[in-house]
Amino acid sequence: MGLFDKLKRGLQKTKDLLRTDVRDLFKAGEIVTDEKLQDFYARLIATDMGVEAANAIRDDLNEKHRGRTAVIDEIWGDVRAKLKALLKGEQDHLWDVNNPLSPLKLAPQGTTVILVAGVNGVGKTTSIAKLANLLKKNGKSVALAAGDTFRAAAVEQLTLWSQRLGCEIVTKPSGSDPAAVAYAGCMRALELKADVLIVDTAGRLQTQQNLMKQLAKIQRVISEKIPGAPHEVLLVLDATTGQNGVSQARHFSESVSCTGLILAKLDGTAKGGIVIAIRQQMNLPVKYIGVGEQIDDLELFDPDAFVDALFET
Amino acid sequence: MFESISKGLENALSLFRGQGKLTETNVQLALRAVTQALLEADVNFTVAQEFTERVTEAAVGREVLKSLDPYQQFVGIVYHELVNLMGPVDHSLHLRRGELVVLMLCGLQGSGKTTTCGKLARMLQESQWRPMLVAADLQRPAAIDQLKIIGEQLGVPVYSEPAGAGAVKVCQNGVAAARQADNIDVVILDTAGRLHIDAELMQELEQIDLKISPQQILLVCDSMTGQDAVNSAKAFNEALELDGVILTKLDGDARGGAALSVKAVTGVPIKFIGVGEQLDKLEPFHPDRMAGRILGMGDVLTLVEKAQREFDAEQMALQQEKMMRGKFTLVDFRNTMGQIKKLGPLQQIMKMIPGMGKIAEVMGNSDIDPEEDLKQIEGIIDSMTPRERENPDLIDISRRRRIAEGSGTDPADINKLLKEFSQMSGMMQSMAGMSKLQQLRQIKQMADVGVFNPGADLKFQKNRSDRGPLDKRAEQEKKKKMRKEAKKQRKKNRR
């Protein structure tokens, strides 16, 4: 498959990590006891998938396998099937492996605008740089709008990336109205006939109502300038985030109707299982995953590989 | 913060209402709900399990005190265990006058280290220390610029080197520079965010620790972190022997179970919490208050402390005097509003007053924005002439129309404000002679009738119990469901 190679490489950074696969929990021929199911439940919880999803899987196993002799393939098959069902939601969101841009809804003609949002410190700016890099590699011309005018030196951070990537960037002094930056970004992108404009925004907690209103304003300004834009509103989620991720997805969607997630920082030990809960409750698909600090470390999300990686420790 | 834990526990605990004693069955049932609530709040699985075991041990078989009902008793037990789990605390950074102290901040990417550096520096400045920041984050682009800007805002020197130098070297040079400067007594090292499994970068931290031996090593931890919090905290603690934890981003609706997990797993005290993006939003961590908050007891102490710091004592005295004399004008009303606003977002303040968490919640769920209302009130008062402010009785129809036009409001809004003002000034007068505690109660009562929220029609009844169910029928349904589930479970267990 090759997709999760980088993720796996990341995990191998430490040699002292025990390889205790969840599949080793149940041994072939042994009875599936309450105790084992409880251990398994603990593993499920450890992925951050949330009580609801974990309960569903445990109940499923409880019904089908409890008190019987363990048939590893069957148990594992059931778990995988259940997880994938949870992860895929109503529509089947499998991206075309050969086309890294397949999750993005690109404008048929003219400039596609991608708005990127998220709470503080999830890795928005880095994810934008990675996304810009991916787009460039696939032959798209990219312009950036440095909409994080709040955090000290955020504009500089994105500017540095734009220089490394060699793409156009629109900036305004720190403290300016981010909507004005977005507007200027749209103007510049249209002028340059850029294929894609990525608009950065300042990190904000989803409970800060006026900042969420500001975000909606940014979106409004963009759509006024370019009809149909923003074509994608990507919410960046930190893989270490716990159950608060659902609240993040809900509030951001309410304000700017997100179209997908970028799951960043998957190269740690966190599993990012919260995307399962988000998929279930909000029907928001994961589009990309961040698997390292290098500019190329952005991968297409693959539910199969994700489910496999969920239980590797 | 911790709202969801509170909610889950409240639901669990309401099961005891109207029951005569603590039995194994009702304790077990409540405990299951407690565990679920803790897991939903991102408390580590093992930690949550150990917690419920401790509560079981403490609860079952205990003589029910005559003076308490089982509900109160169970709340007491859960509360004490929560406090035990998160405490004891130690807010001291162990600084000594006349000695250069080095603090090192470390943590995962995006946990808020650089901002926290600024907040710490500000806090130290407030207590007459002279801090210096060292930009040792050489990984993230523009991290050095960020620290420099923060240093500029605070008037705190920032030591940095152009890219190319190693982080260890930068720290060493920074500390040396601070020693030479002789107007610096605390050095704060801002290290780069790193993954706890990145052996190379973890070694770098160990090197800094070895070469400089900072007096305090603090882990900065995002309160939104899920189950992985224990892994990273453990790894950092093993590499560096942490002295404390700073929990960030607690101003959101993060359930913050990470606080419980990190403390339980590392044994390292949580020293401070970050509650906002501004540099003054750093507060000492109080497990008893936090536990009280979890259980819906409110956080009166924090509020009082905050109020003491922010209120301009002199102005308050003046206003109090006026109140005593029975003269409380619209100008004072406006000033009071301003003071209240200074405390922070109204909803956040309200959450800290016992029993008002729910009102804040109702407001949070609707379009009601108390800040907007405050702004409107200010606008209206500002549109009045000084004479009108001193004597609102002067305001007749034509004056009212003028004020409405000036403030961009409706004449009805002005009527409403004047009516509320006359009510409030009456209350203010009666409050003047009260003790602090009585005043707080009065504030709560005022909030219940919607004084802080003039534009809203809150359907809140005054005499309802603080913790009782909002919707009786839904509560009964829930109980029925839980009973059914318990029955099912028993059946299953029998099988």
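**View 1. Strands β5 and β6 of chain B pair side by side.** Strand β5 (residues 216-222) of chain B and strand β6(B) pair in the parallel sense over five bridges. Two strands count as paired if DSSP finds at least two bridges between them. The model shown is predicted; local features need pLDDT of at least 70, side-chain atom pairs count only at pLDDT 80 or more, and totals for chains, interfaces and linings use all residues. Residues are numbered from 1 along each chain as its sequence is written, chains are lettered from A and ligands numbered from 1 in the order in which they are written, and side-chain values use heavy atoms, with hydrogens and water left out. Strands (E, at least two residues) and helices (H or I, at least four) are DSSP runs, numbered from the N terminus. Which residue of β6(B) is the bridge partner of V220(B)? The partner is I246(B).

**View 2. Strand β6 of chain B is mostly covered.** β6(B) spans residues 244-248, and five of its five residues are buried. Buried means under 20% relative accessible area, exposed means over 50%, and partly exposed lies in between (1.4 Å probe, protein chains only). G244(B), I246(B) and T248(B) point one way from the strand. V245(B) and L247(B) point the other way. In a regular strand the side chains alternate between the two faces of the sheet.

**View 3. T52 sits in helix α3 of chain B.** The helix covers residues 45-59. Is T52(B) buried or exposed? T52(B) counts as buried, because its relative accessibility is 9%. Leaving out residues up to four places away in sequence, T52(B) touches L31(B), V34(B) and T35(B). Contact means heavy atoms within 4.5 Å.

**View 4. Eight strands of chain A form an open sheet.** The strand order is β3-β2-β4-β1-β5-β6-β7-β8, with mixed pairing. The edge strands are β3 (168-170) and β8 (298-300) of chain A; each pairs on one side only. Neighbouring strands are turned by 25° against each other on average, direction ignored. Strand β2 (residues 142-145) of chain A runs parallel to β3(A), and three bridges join them. In this pair, A143(A) stands opposite E168(A) of β3(A).

**View 5. Helix α9 of chain A lies across two strands.** The strands are β1 (112-117) and β5 (232-238) of chain A. α9(A) runs at about 160° to β5(A). Axes are lines fitted to C-alpha atoms, for helices over the stretch in contact, and angles run from 0 to 180 degrees between N-to-C directions.

**View 6. Helices α9 and α10 of chain A pack together.** α9(A) holds residues 244-256 and α10(A) holds residues 274-282. They pack at an angle of about 40°, with their axes 9 Å apart. The two helices are therefore oblique to each other. Angles under 35 degrees count as roughly parallel, over 145 as roughly antiparallel, 65 to 115 as roughly perpendicular, and the rest as oblique. G245(A), V246(A), A249(A), R250(A) and S253(A) of α9(A) meet I274(A), A277(A), I278(A), Q281(A) and M282(A) of α10(A). The residues of this contact divide into six nonpolar, three polar and one charged. Ala, Val, Leu, Ile, Met, Phe, Trp, Tyr, Cys and Pro count as nonpolar; Asp, Glu, Lys and Arg count as charged; the others, Gly among them, count as polar.
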